[in-house]
Every structure is written in structure tokens, then in C-alpha cells.
Amino acid sequence: MTARILAPLAIAATVLAGTAQAQAPASNLPNLRIGLREDPDILDPTLARSFVGRIVFASLCDKLFDINDKLEIIPQLATSHRWEDPKTLLITLREGVSFHDGEKMDAEAVRYSLMRHLSMQGSFRRGEITDLESVEVVSPTTLRLRLKQPSSPFLSQLTDRAGMIVSPKAAEAAGRDFGAKPVCAGPFRFVERVAQDRIVLERFAGYWNAANIHFNRVTFQPITDSTARLANLQSGTLDLIEVTSPSDVPGIRGDRRLRLSTVDGLGYWNIIFNIGNGARSQTPLGQDARVRQAFDLAIDREALIQVVYEGLHTPASQPIPPASAMHVRDLAVTARNLERAKALLREAGVRTPVTIDLMLANSPEMRQAGEVIQSMAAEAGFDVRVVATEFASALQAAVRGDYQAYLNGWSGRPDPDGNVWTFMHSRGAQNDGKYANPEVDSLLDQARTESDPAKRTSFYSQAFRLALTQDRARAYLWHPKIIMAHTARLQGFTLVPDGLIRVQGMRLQ
Amino acid sequence: MWGWLLRRLGQIIPTLLILSVMIFALQQLMPGDPAIIMAGEERGDPQVLAEIRAELMLDRPVWEQYAAWLWRLLHGDLGFSWRIRQPVGSLILEKLPVTLQLGTMAFVIAVAIGVPAGVISAAYRDRPADWAANGIALAGISTPNFWLGIMMILLFSVQLGWLPPSGYVPLSEDWRQSLATTIMPAFVLGGGIAGVFMRHTRAAMIGALGQDYVRTARAKGLPERTVIGRHALRNALIPVVTLGTIELGRLLAGAVLTEQIFSIPGFGKLIVDAVFNRDYPVVQGVVVTTAVIFVSLSLIGDMLYMAINPRLRAA
């Protein structure tokens, strides 16, 4: 009976599936299929905001500079740079580079793109290159960038979307709709986008580094469910996926057809304390650094990472990741110390249990992390209420100060300034706790204008001692690893701490 | 008949207007500021927030936003998605065939399994066939879609390699691959609804089989197949048709979980992403389109009653 039911089903399925595999690629090169965790937002380097969008841009739009796995700045569309003085940057461009529409990529096009990033209404790049004062075209392959003030993170901004050069002709023609059909100078050109289904790119024969590109097409498929994304990899429908659920990792390791790739990321997860943002900062937690320190001392970071993330991530003490040369080495990760935590609460004269609302994103992992923190903090004398909030609502609550403590994360930037200034400086756009300390401000400003990495590290070290050790503005918990899985047939894939997928040199066997 | 049809059509316009007012009102109650989401890393900069609010008309009173939206809608313009800057109209046209195909396939599966199972169950009441049908129906209703979906992917895609685990290919592009990509999600969706159909058909059939006209038909010596098929089932179908239009309407409104698991780019995925990103023009466009589909199906359902039961035509 079972066989009678299953047999026609099997035949039908085989016929249906057979046709799926019968399609031959237009060229002899294979196609690469990548599974993303969500659908990217607009594909315009000036207006884009999402992390997954950056993964697509890595195949579509080359930048002036790139970073390597050691976070060193390396040339891409630019071949070299030289600081003429702390405020003047001379950039030499690669010759013979074309955009996907056949237009020439030259100094004028770079000037156009930088000014577009700086002045276009709604640009998300403006804040990143706000120090840029003017761009002078010296020759078709040379530009002189003048800054309003010395800025050490400026060059690293040109390794991301702010350094992406778009075709001026296409951008002028499309205006604000440029993202619907972006034209850049990357290894692949845009073919089509079906929202929430796929983004298809095709090999650009005129790419300056075409010899290093071994795929005919790259397709990005957003699959939000992590189990379904992994099933697509296991069944061979995808070649490379983002892994967002650590519980998938043991299964990937045990499958000989798959390979796991991990690297320490640039980001972090932390608890932001509401210190000065509205009425809800007026609590023992918001007003007394000793209470915040006691809370910090109650958390066992190793155990938290073990329970929620299979021990994958790295405990954190600061916003600068261990992969960075400017990581402050002598700032130790807080070790759990319940006696000290209880003593601090007694010293602060607060009545226990101290009630804390801990806001976090409404995802299974975040809720689990919140519950682990809740039970750890309870032992020190805290009554933590986990407030799982949908992301958009949490963001609004954070901006308006409608929270006490907020567990959230940041994807990270190659230069430490991108992980620190906007969150810790009193004028920082993402300083949601409204922490303000003039000494910290001054140190962060100096770190921003100083070019010597050793001196910058020293400024950060001093700033963290004030903001974190003394004022306890935030509690850093862990630096997440970037985790990707791919078929064993994929060769030459190197994961860089920024988590982007660089197709150059990769091939399918 | 025509007067009735015109009256029903006349009721649709105020229904849709009330609904559109409700969408706008509910959006105001929704926490989360679209400007803050769109501002991203510059969310702390009041100038950036003001620029975004001005561009999206969020700094205007709600009634003004509503009037502008309604005016554009009357001109066939549903606006632009704030997140990906694509026209909402084209997004909906892109997703509508996907949802229609998936919904219709799921519906056909549900009816094909549910109605015969209900009839058999009623005809063999309190016998093993009835118990088995009830058990399967209960399992179908109780099994969560996401679990069944994942299990089917693991069995048919990962283990057996028969079907693609996700994605969607339009019927016009390659009908066989299109069916291959939609058969699993359609089965997941239809399987649950088949249980509901089975239970309703069974109850209606048991009621019909106890009626005098069925006894008369049997007394006349009609074969049991004719008694059940022509006399009992036809009368029992009226509540099932009502249920069918409601279930089909629900299917065509998008199946959020199933679409997420199988990465089917239909209405469900579209609206969920739009709500989470506070992409209001997309939310408004999808809700209005869904409402039009729902209201139309309800009208078709009423017309079907008349086709099935001639007594209603006189009313």
C-alpha cells in the first residue's frame, strides 16, 4: 500500500527535479549561489544601510581601497595613496578601469561619487566622510582630497561603501532610482532583482581583475530561516551560506561534504545603560556607577557564551575587537565576582533586589541570553525583567530613552573609531544612553586626529579606563565570530573579519 | 439576481474605504518610528531625522498623509517602497502570481483530501475508516506548519534529493520546475486545511444522511453511491463552500510561516518584512490588495451558493 502511494510520488518528483538540473550555464564557468540571512535594502552605495547589502556590494561595486584578513588597507580601484600633510590625501587610481556601462572610471568619476556620497539627500555616507572638505582632480588618475581636520579613520571609510565608485552617467540618468539598477566597476554587473527572492549578478568581462573571477553568475538568495538555509546548502541548492544559528555548527562540522569557515568579527554585543536619556535614567542603575559595576560583576561571560552560542564567541571587555592592532590589551575581561558585586550594592546603599528592565531583540537567542543574565544577576541581588522587544520598537525606545538597560550589538568597522566615537562621545549619534564625560570626549577626539596607531591605542586605553572602568557607561559582553559554511567543492574562500564575501580567487571544483 | 449583485458590489467600496482608514489608524498605534529605522547609524542626528520625515511626508498630519495616499491610489499609484525604492504596484504584481499559485495549489490539495475523507468518514461512521480519517485530520490540524515544512525539506530535499528545498520558479518560465518548487509548501499549507474540510464535510454529511429525503431515496432503491453523491453531498456542500471561500481568502492573503521556510517570495514574506521595517506604503498596498481579493472571494462564494442550491435564487 505504502509503495503504491510513494511510487507515483517518487516518479513525479524525479521528473520535476530532473528538469531543474537540466539547465546549462551560458558560459563554461559555474555559477555561485549564496544564501543570505535577509533581503538587502536598496542597492545604492550612497543610500544603503544593511549589513547583507554590503555582502552583495562586494561582488558588484569595487572600492578605492579594501582590507585584508589582517585588517590592513590594500589597494583596489586606487593603486596607492600618500598623505601630503595631515589634512591632504593624494590618491593614485588604477588605469584602464571601466564601469559596467563601458564608461571610463577616472578621477572625475571618483570626485563625482565622493560628492554624491557627501551631498545627496538621505545619504548614509555623509556621516562617514563628513571630514571631507573638497576633492580636486589633479590628472585623470590622480586626486587630491582635502579634509576639514586631520582624520585617521578617513582612509578606512574608503574601504567600505563610502569608497565605492559609481558610474556618473548612470547615476545622473537614474537619480534616486539608481539602486534599482546599479552600475559600478566591480567584478559582476547587475542583472535582476526579485525582492525577497534573488539578486542576480553576471560576470563583467571588462573587469580590471577578470582573470581572478571564476564564476559566470552570482546569485544571492535571502532565506531568513537558518535551518532552511542550511538545508539548501546540504541539498546542493546553495554553495555558500551565512550561519546565524550556532546550534547549526556541530551538524556542519560533522558533514564531510561541507566546510565551516569562522573568523573573529569586528563587532560586539554590549549592554547600554541609560545614564542620561530622559526620566528612565533616574534609577539606581542609571545614577550610580557602583550598581552598574555590580551588575557587570554578576555576569559570567564565558558561561553565557557557552550556553547560548556553543562557546563560539569571544568574551569582550571593550568595543575594539581582538583582531584590531589597536585593541587595548591590558583591559581585562570582567571576571564574575558575586561577593564583590554584593559588597558594591551594600556600599551604594540600595535596597535589594535592585529591579532592572533589560530590553533586547525578540529572537530566541537574545531571549535566551537575557534569561541567562537574569539568573546570574539574581544571585548578586538584581531582579532583571527581560523585555523582549521587536527591533524597530527597541530602536525607537533606545533613541527616546524609554529603557533602563539595552542588550544590543554592532557589526563593527575596520577602524576603531567606527566602533567607539559615535557610541561613547557625548555628540555621538548612537550614544543612546547619553553618556557624557568631557575628558572621554577629548581623548576620543585626539584618537580620531592622531595618525600613529600606538598613540591612538593609548588614547583609547585612557578613554576606556574612564568610560568603562570608572563610569561603567556600557558593559561589553562578547565579540561575535563571523560564521559561514560552504560546499567542500568551493576553493579559495577566505573570510575577512568584516564578514564580506570576496569572490576574487574563489572557484568551484 | 442582477439587483442583488449590484447591491453586493455597492457594499464593497465602503468596506474598502473603512479598511484603508483602519490601516492608517493602526499604523499610528504601531510603535517604532520609520524615520529612526531609515536613519540607521545617524539616528541620533535630528537634522537627518527631519530630512527623512519631510521626504516621506511623516511630518504632516495623518489625515493629510491619508488623503495623499488615497488620491494616488485612485490614480492607480500605490507609491514606492521606502526600503528598496521599488514601486509598490510592481512589487504586488510580482508577488501576486506566486501567492495565487501557491494558494490555489494548497486549496486544491485541501479539497481533494478533505472532502472525500469527510464523505467516507460520514458514510462509515464509527467504523475503522471513520477513526482513521479522524486521526489523520486531527494530525493535519495539529501539526505546526514550520515543523512539517522543515521535516519535508529534510526528507525530500536533503535525504532523497527529489525536490528543491526552496525558491520559486514562475509557471510561465518552466512549469515543471515551478510545480517542483511549490508542491511541498502547497502540501504543508493544504494538509492542515484538509483536516478542517474533513471535519466540516463529515458533520454536514452526517446531518444530511439523517434527513427524510435521504431515507426516501434509499427506500426508492437508489444505489448508495447516488444517495450519497447526488442527494446528501449536494446539500451538505453549502457550509463547506462557505468554509472554502474563507480558507481560500486566508491562503491568498499569504502564508507567512510557510513562505519563510520555503523562501517563497509571496505576499506573506512581503508584508512581514514590510511591517518589521515599517515600510508603510508596502503594508498599505498589500493589505488593500488582500482585502480586494477577500471581498471578491466572498462574493464568488455567495454566487456559488445559488448555483448549488436553487432555493436561494428565489430569495
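These legends walk through a few close-up views of a predicted model.

Because the model is predicted, local features need pLDDT of at least 70 and side-chain atom pairs count only at pLDDT 80 or more, while totals for chains, interfaces and linings use all residues. Residues are numbered from 1 along each chain as its sequence is written, and chains are lettered from A and ligands numbered from 1 in the order in which they are written.

**View 1. How confident is the predictor about chain A?**
The average pLDDT (the predictor's confidence in each residue, from 0 to 100) is 91 for chain A, with 95% of the residues scoring at least 70. Residues 1–26 of chain A are another story: pLDDT stays under 50 there. For that stretch the model has 25 contacts beyond four places in sequence, two residues being in contact if their C-beta atoms, placed from the backbone, lie within 7 Å.

**View 2. An open sheet in chain A has four strands.**
Their order is E4-E5-E7-E6, and the pairing is antiparallel. Strands (E, at least two residues) and helices (H or I, at least four) are DSSP runs, numbered from the N terminus, and two strands pair if DSSP finds at least two bridges between them. At the edges stand E4 (78–85) and E6 (132–139) of chain A, each with a single partner strand, so one side of each has no neighbour in the sheet. On average, neighbouring strands are turned by 20° against each other, direction ignored.

**View 3. Zoom in on E5 and E7 of chain A, joined by five bridges.**
E5 covers residues 88–93 and E7 covers residues 142–147, and the two run antiparallel. Here Thr88(A) sits opposite Arg146(A) of E7(A). Helix H3 (residues 107–119) of chain A lies across E5, E6 and E7, at about 170° to E6(A); angles run from 0 to 180 degrees between N-to-C directions, and axes are lines fitted to C-alpha atoms, for helices over the stretch in contact.

**View 4. In chain B, helix H9 (residues 212–219) packs with helix H10 (residues 224–252).**
Their axes are 10 Å apart, at an angle of about 150°. That makes H9(B) roughly antiparallel to H10(B), a label for angles over 145 degrees. Tyr213(B), Val214(B), Ala217(B) and Arg218(B) of H9(B) make the contact with Val227(B), His231(B) and Ala232(B) of H10(B).

**View 5. Chains A and B meet in a contact of 46 residues from chain A and 48 residues from chain B.**
On the chain B side, H7(B) gives the most, with six residues.

Key:
Angles under 35 degrees count as roughly parallel, over 145 as roughly antiparallel, 65 to 115 as roughly perpendicular and the rest as oblique.
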